[in-house]
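Visitor: I would like to go through this model and ask what stands behind each label.
Guide: Please do; the sequence and structure come first.

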Amino acid sequence: MSQELSDTPLYIDGEWHAPANDDSIPVSDPTTGTEVDSVPSATTDDVRRATEAARAAQPEWERRPAKERGDLIREIADLLEDHAEPLAETLVTEQGKTYSVAEYEIRAAADIARYMSEWDRRIEGDVVPGSEPRQSINLLRKPYGVVAGIIPWNFPISVFVRKFAPALVTGNTTVLKPSELTPLTTLELVDIVDREVDLPPGVLNVVTGGGAVGAGLVSDSEVDYVTMTGNVETGKAIMRNAADDLTRVSLELGGKAPAIVCADADVELAVENIVASRTINAGQACTCVERVYVHSDVRDEFQSQFVEAMDALEIGDPRDDPDMGPQVSAGELEKTQEAIRGAIEQGATVLTGGESVAEPPTSGGHWVEPTVLGDVNQEMDVVSEEVFGPVAPVVEVDSVDQAVAYANDSRYGLSSYVFTESYRDAMQIAEDLDFGETFINGSGGAQQGHHIGWNESGLGGEDGKHGALKYTQIKSVYHNFQ
Ligand code: NAD
C-alpha cells in the first residue's frame, strides 16, 4: 500500500479522506510482532459522512438496471484475480496466513464476487392472484437501503467481498469497516477498485477503526441493515445496539464444529480432512473442526494417525509457505495457550504440541504448535468453548447416538462433520445434528451452498440464493384493474 493511502485511509463518497482526528491504530506483522503500518480511528463525523454518502447514492444505484450493477461487480472479480499476488502478499504480512492460503483467499473472494454478480438478473419476486375480482399482487424484492458491513480479521478480504457483493447487486449501498488488526489488504483492494472501476461515488465506503467505530456505525440512524462477522459476544452487542432503531442484523458468529468419526469410517480420509480443517489459517477459521468424537472401535487407529499427521506439520514464516503460520496477535495466542493450559488442568493429556513452541520459527511471532489433546471428556471447557487456534481435543464415544448427543450439547451450531461409510448413518446423523451445515466425508463449502450458524453461531447466513436475497425486503403492490 502506498504511503499516501495509509495517510488517508477513509474511503468516502468515491474519495480518500484523512480522518478528522489523529488517533491511530498500529497494524503489526504476526510473524515478527513488528508494526508495519497504522490506520486511523474514524470519528463519529467520519462515519456520518460515509453513511450520508451511501444514503445519497442509493436511489440512483437501485434504479440502475441490475445487470449494470452486476457488470461492475464482475469487474471487481477480474481485478481480484489480476492482483491476486500483491494482495496476497499484503494479506500474509498483516494476517500471518501462509502464502498459498492467502492467494486462495483472494481467488475465493473473486469467486464470491463473480457468483454474487450473477444474481443481477435473478432478483425474482412473485405474482399472486388477489382476493378481489381483477386484482393481482406483485411481491417485489427491494433493497434495504444502506448496509453496514463489519468485518473480522481471519478472512478479511473474502468476508469483505462476501458482504459488499450481494448487498450491491441487490441495489443497496454500503459502508464497511475492516477489522483493526487487518485493514491493509482491504484498503489496497479499494484503491484498485477506485482507480479501475467506474463505481458511482458513495456506493462503496470504507471506514477504519476498532469496536467503538463499529458500534458507532451500527447505531448510525442512516444504516438500514447490519451484516457482521465476528465472535458471539460482539454479535450480541451489535444486536442490542441495533435494537434501538430496529435495524435489521445478519450475524455470522463463532463455531465449535464437531467431527464424528464412526466405527466404519475411512480413517485415513477422516484424518486428512480433520487435520486440514483444524489447522487451516493456524486454526483461525469459524468452520475448523474443534472437537473430535471418535468411536471406541477406531479410537486407537484414528488417534495414532491423527497425532502423527499433526506432528508432521511444519510451522514457519508464512511467506515460505509452510503448513501453518503464526496466530494473528499476542492476544489470540494467549487465548489459545490458555485453552491448552485449562484443558491440562482439567485432566487432558497432550499427545502432540502443547502450550509452548520449543524452537519458534522467528522471534517476536505468535507461535503455537498443532496440538492434540487426549483423555478429554465432554465436561471440559476445551470441548465447549471456541478455541481459535490449532488445538484438537479427541473424545471417545461408544455409539453414534452418544456422538450426536455430545455434538448437539453446545451453544454453537455452525459447521459439523461426519465420517462414515454407511449411507444410512451419514444421512441420519446429518439430519440429527443441530448445525447450519454438515459435511459428510469431506470439508470445504461452495458459493452456491449456504453458510449459516444456528443457535448462538448467528442468524442470517451467507452464500447462495439465500445469502444474496437476504439483502432484499418484500414489498407488496396490489394491482386493481376492474
Ligand atoms: P470480533 O467480534 O472481535 O470483531 C469482528 C469485528 O467487529 C471487528 O471489525 C471489530 O472491530 C468489530 N467490533 C468489535 N466490537 C464491536 C461492537 N461493539 N460493535 C460493532 N463492531 C464491533 O471478531 P474477530 O476476532 O475479528 O473474528 C473472529 C471471530 O469471528 C471468531 O469467533 C470466528 O468464529 C468468527 N467468524 C465467523 C465466521 C462465520 O461465517 N460464521 C467467519 C469468520 C469468523
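**Labels and their grounds**

Guide: The UniProt annotation "active site", from an unreviewed entry, covers E252; such annotations may be inferred rather than shown by experiment, feature names are shortened, and positions follow the numbering used here. This is a predicted model, in which local features need pLDDT of at least 70 and side-chain atom pairs count only at pLDDT 80 or more, while totals for chains, interfaces and linings use all residues. Residues are numbered from 1 along each chain as its sequence is written, and side-chain values use heavy atoms, with hydrogens and water left out.

Visitor: Why is E252 called buried?
Guide: Buried means under 20% relative accessible area, exposed over 50%, and partly exposed in between, with a 1.4 Å probe and protein chains only. E252 has 6% relative accessibility, so it counts as buried.

Visitor: What does E252 touch?
Guide: Contact means heavy atoms within 4.5 Å. Leaving out residues up to four places away in sequence, the contacts of E252 include K163, H451, E462 and K470. E252 itself lies in strand β11 (residues 248-252); helices (H or I, at least four residues) and strands (E, at least two) are DSSP runs, numbered from the N terminus.

Visitor: Which residues does the domain record list?
Guide: For "domain: Aldehyde dehydrogenase", the unreviewed UniProt entry lists residues 18-477. Over residues 18-477 the chain is 41% helix and 20% strand.

Visitor: What makes a set of residues a nonpolar core?
Guide: The members are buried Ala, Val, Leu, Ile, Met, Phe, Trp, Tyr and Cys residues joined through side-chain atoms within 4.5 Å. The largest such core here has 53 residues, and those with the most contacts inside it include L80, F160 and L189. Helix α5 (residues 99-117) supplies the largest share of this core, nine residues. L189 touches L80, L87, I157, F160 and V161, not counting residues up to four places away in sequence.

Visitor: Why is α6 described as largely enclosed?
Guide: 14 of the 14 residues of α6 are buried, so the helix is largely enclosed by the rest of the structure. Helix α6 (residues 156-169) reaches 20 Å from its first C-alpha to its last, close to the 20 Å expected; the expected span is 1.5 Å times one less than the number of residues. After α6 comes G171, with a positive phi near 100°.

Visitor: How do you know that β5 and β6 pair?
Guide: Two strands pair if DSSP finds at least two bridges between them. Four bridges join β5 to β6 (residues 135-143), so by that definition they pair, and they run antiparallel. In β6, the bridge partner of V127 is N138, and that of D126 is L139. The two strands form a hairpin with five residues between them.

Visitor: What makes β5 and β20 edge strands?
Guide: In the open sheet, ordered β5-β6-β20 with antiparallel pairing, β5 (126-129) and β20 (472-480) each pair on one side only.
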